[in-house]
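My notes follow in the order I took them.

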Amino acid sequence: MPKITYIEHDGTEHQVDAEVGTTVMNAALDNLVPGIDADCGGECSCATCHVMVDKSWMPKVGKPSEAEESMLDLNPERVENSRLSCQIPVTDELDGLVVNLPEFQF
C-alpha cells in the first residue's frame, strides 16, 4: 500500500497507508486525518479537501482538470501546487506522497 504523509499547518504529520484506487481525500478520511472536510463527498464541488502537494511530487500527481481549476479559483489560499485531494487517485507511483494542509480548513 502506498504511504501518504499529510502535514498540518502547524507541522504535525500524519502518515497513512492508502489503498490503491481510492483518492488522497478518502485516504485522509479513512484514517481520521484532520483538515480534510470533504463537504461534497468528493464530487469536486466544494474545495474543502484542498491540499498543497509537495512540489517535488507535482509531476507524478499531474495538473488539475478544468472543473478542479474552477473550484480552486474560488479558494483565496490557492497556490501554484494546490490540488483538491478528491481529484488525486492513489496509485502505487504515489508511494511517499507528501501533501500540506491549509490552516483555514482547521
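**Entry 1: salt bridges**

I found E69, D73 and R78 linked in a network of salt bridges. I counted a salt bridge where a side-chain nitrogen of Lys or Arg lies within 4 Å of a carboxyl oxygen of Asp or Glu. Before going on, I noted that this is a predicted model, where local features need pLDDT of at least 70, side-chain atom pairs count only at pLDDT 80 or more, and totals for chains, interfaces and linings use all residues. Residues are numbered from 1 along each chain as its sequence is written, and side-chain values use heavy atoms, with hydrogens and water left out.

I then took the members of the network in turn. E69 meets R78 at 2.6 Å, N to O. D73 also bridges to R78, with the closest N and O atoms 2.5 Å apart. I checked accessibility next, calling a residue buried under 20% relative accessible area, exposed over 50% and partly exposed in between (1.4 Å probe, protein chains only). E69 is partly exposed at 27%. R78 is partly exposed too, at 26%. D73 is exposed, at 55%.

How many salt bridges does the whole structure hold? My search found four. One of them joins the side chains of R83 and E68, at 2.7 Å, N to O. This pair links distant parts of the chain: R83 sits in strand β4 and E68 in helix α3, 15 residues apart. For these labels I used DSSP runs numbered from the N terminus: helices are H or I over at least four residues, strands are E over at least two. Are R83 and E68 buried or exposed? R83 is buried, at 3% relative accessibility. E68 is buried as well, at 1%.

**Entry 2: helix α3**

I looked at α3, residues 66-73, and listed its buried residues as E68, M71 and L72. Seen down the helix axis, these fall within an arc of 100°, so they line one face of α3. The arc is that of the directions from the helix axis to the C-beta atoms. E66 and D73 are exposed on the other side of α3. What do the buried residues of α3 pack against? I found β3 (50-53) and β4 (82-84) there. Contact here means heavy atoms within 4.5 Å.

**Entry 3: strand β3**

I followed β3 along its side chains. H50 and M52 point one way, V51 and V53 the other, and all are buried. β3 pairs with β4 in the antiparallel sense over three bridges. I took two strands as paired if DSSP finds at least two bridges between them. Across that pairing, H50 stands opposite L84. β3 also pairs with β5, again antiparallel, over two bridges. There V53 stands opposite V99.

**Entry 4: nonpolar core**

I looked for a nonpolar core, a set of buried Ala, Val, Leu, Ile, Met, Phe, Trp, Tyr and Cys residues joined through side-chain atoms within 4.5 Å. The largest has 29 residues, and those with the most contacts inside it are I4, Y6, I36, V53, L84 and L97. β1 (3-7), α1 (24-30), β3, α2 (58-61), α3 and β5 (97-100) each supply at least two of its residues. Which element gives the largest share of this core? α1 does, with four residues. I also listed what I4 touches, leaving out residues up to four places away in sequence: H14, Q15, V16, A18, V24, V90 and L97.

**Entry 5: cysteines**

I searched for disulfides, meaning cysteine sulfur atoms within 2.5 Å of each other, and found zero. C40 is in no disulfide, and its nearest cysteine sulfur, that of C46, is 3.5 Å away. C46 is in no disulfide either. C40 is partly exposed, at 21% relative accessible area. C46 is partly exposed, at 24%.

**Entry 6: positive phi**

Most residues other than glycine have a negative phi, and most peptide bonds are trans. I noted L32, which has a positive phi of about 55° and is not a glycine. A38 has a positive phi as well, near 55°. L32 lies in the loop between α1 and β3. A38 is placed in the loop between α1 and β3 too. L32 is exposed, at 73% relative accessible area, whereas A38 is buried, at 10%.
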